[in-house]
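Hi,

Here is the structure I promised to pass on. Have a look first, and my notes follow below.

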Amino acid sequence: MTRGLANERWHAIAEQIRTADANLNIGERICKSAEELLGSVGTSLALVVNNAYSPISASNAVANLLDEEQFALGNGPTFDARQSESPVIASELGSQHSNQRWPAFGPVARKHNIQAVFAFPLRIGNAYLGVMTAYFSNAGEPTVKQYSDGLILASLATAELLLNQAGVTTPELSDVFEPGLYSQSSLQLASGMVAESINCSIVEALVRIRARAFADDKPVTEIARQIVANEIKLED
Amino acid sequence: MGEQLIEMTDATELALTLIDITRSVTQGAETIEIFTALAEKCVSLLPVSAAGILLRDVTGTLQVIGASNPSAHLLDLFQVQNDEGPCLECSSTGNAVSDDELSANGKWPRFSKLARQQNFNAVYALPLRSRDVTVGALNLFASESISSGRLMVAQALADAATLSLLQVDPKVDLQIVIRRIHLAVESRNILEQAQGMLAQRFTIDASEALIRIKEVSTRTSLTLIEVAKAVVERDIGSPVAVMLRVD
């Protein structure tokens, strides 16, 4: 018998973030947990709006600094994660391959003793919210566990960034802790319908749906269902 | 063996279908295209009325990746959302599951009721395996029970399609599988976002919007996702712009 992939790992990671230092906000807790789970020396979340990057949270100064260096240089794995719309692994920053791909960023990172970077885009379909970047002091390919934990943390961070953009700062943040919430069909359909009817981007449509759910004190999936069923319409 | 596996005329069809799937896998077709084609081939080749594909992503969530038609899509979604149905059991145990007398007193009463309403009396879930991991399930819906020989044909097609998730080097396999499923889910999200936009634009439902995307894909030889992306990004330079009134 072969067992399927399970969601125990997702729940374990969500629980670790939920019970982390209460003095930190959720974004900071995700970064801190990423540091522990991935073994990184620093992890950051950055928001990307219309190709402009802005830092949201970072587990330490090095992650924050190297994010800003990447934004300033316009070069690095974090940028490539956004461009390629998929995870980017820089497993050895001193290598020839790496020097060709990141000529500006590589030397700066190594000056701060960073030898590897894993960058995960934070996206819901065509809605690109930002990037989660993990910085490492040792070179090396990610293990399967690091890679899948990174994707799980990125899924949590995506929900957090959407809440952040919708201006929702409730302490419960149930969105972040609901597996697969933002990959539900009804939400994709609703975001497309809203984007079409008010002529905005999918990101903005998702943000509006999230904000409406908060205003109506309803689950985001219920608002999505109502939009798809033409029971409500989000206006300009 | 007692039962003739498949008629000769069907055998040619089957061979052609396997060649088709293998070719698209080796040519690096998108995961979502391969699995949507798998669902459609099951319906055209076997006595089943509908077929759907679910893959489990890294968060442990089962995701509907492709379906032959809206009723299969609906029944697959129902299982995921209500945590009940043959496909859940199949994708967590890795064993094939069959139920050819769907009843209200059976293992999944609510699912059975919904399936019978659509005139499906038999349902099968076959595991999608990548090396030693079950990554999802192929669901077949039929009006009457299907022979074990025909289920073997479906499993063979499913195995060929699942190869698309693998890489040559077994060391990096699981990571590649995880990455490809992750990207397939995001591609499907784009497809659904485009369906939402077209549904609003033309006052049609989501399944009708998908049919339009498929038509444009066929006419332009762009992939489903390329068409969907052009819609979502309002790419007025794209060949699909005029056909789908993108502006």
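**What I found in chain B**

Strand 1 and strand 5 of chain B run antiparallel and are joined by 6 bridges; strands pair here if DSSP finds at least two bridges between them. Helices (H or I, at least four residues) and strands (E, at least two) are DSSP runs, numbered from the N terminus. In that pairing, B:Ala50 sits opposite B:Phe141 of strand 5.

Before going on: this is a predicted model, where local features need pLDDT of at least 70, side-chain atom pairs count only at pLDDT 80 or more, and totals for chains, interfaces and linings use all residues. Residues are numbered from 1 along each chain as its sequence is written, chains are lettered from A and ligands numbered from 1 in the order written, and side-chain values use heavy atoms, leaving out hydrogens and water.

Zooming out, 5 strands of chain B make an open antiparallel sheet in the order 2-1-5-4-3. Its edges are strand 2 (62-67) and strand 3 (97-99), each pairing on one side only.

Strand 5 of chain B is largely enclosed by the rest of the structure, because 10 of its 10 residues are buried (under 20% relative accessible area, 1.4 Å probe, protein chains only).

Cheers

Key: Buried means under 20% relative accessible area, exposed over 50%, partly exposed in between (1.4 Å probe, protein chains only).
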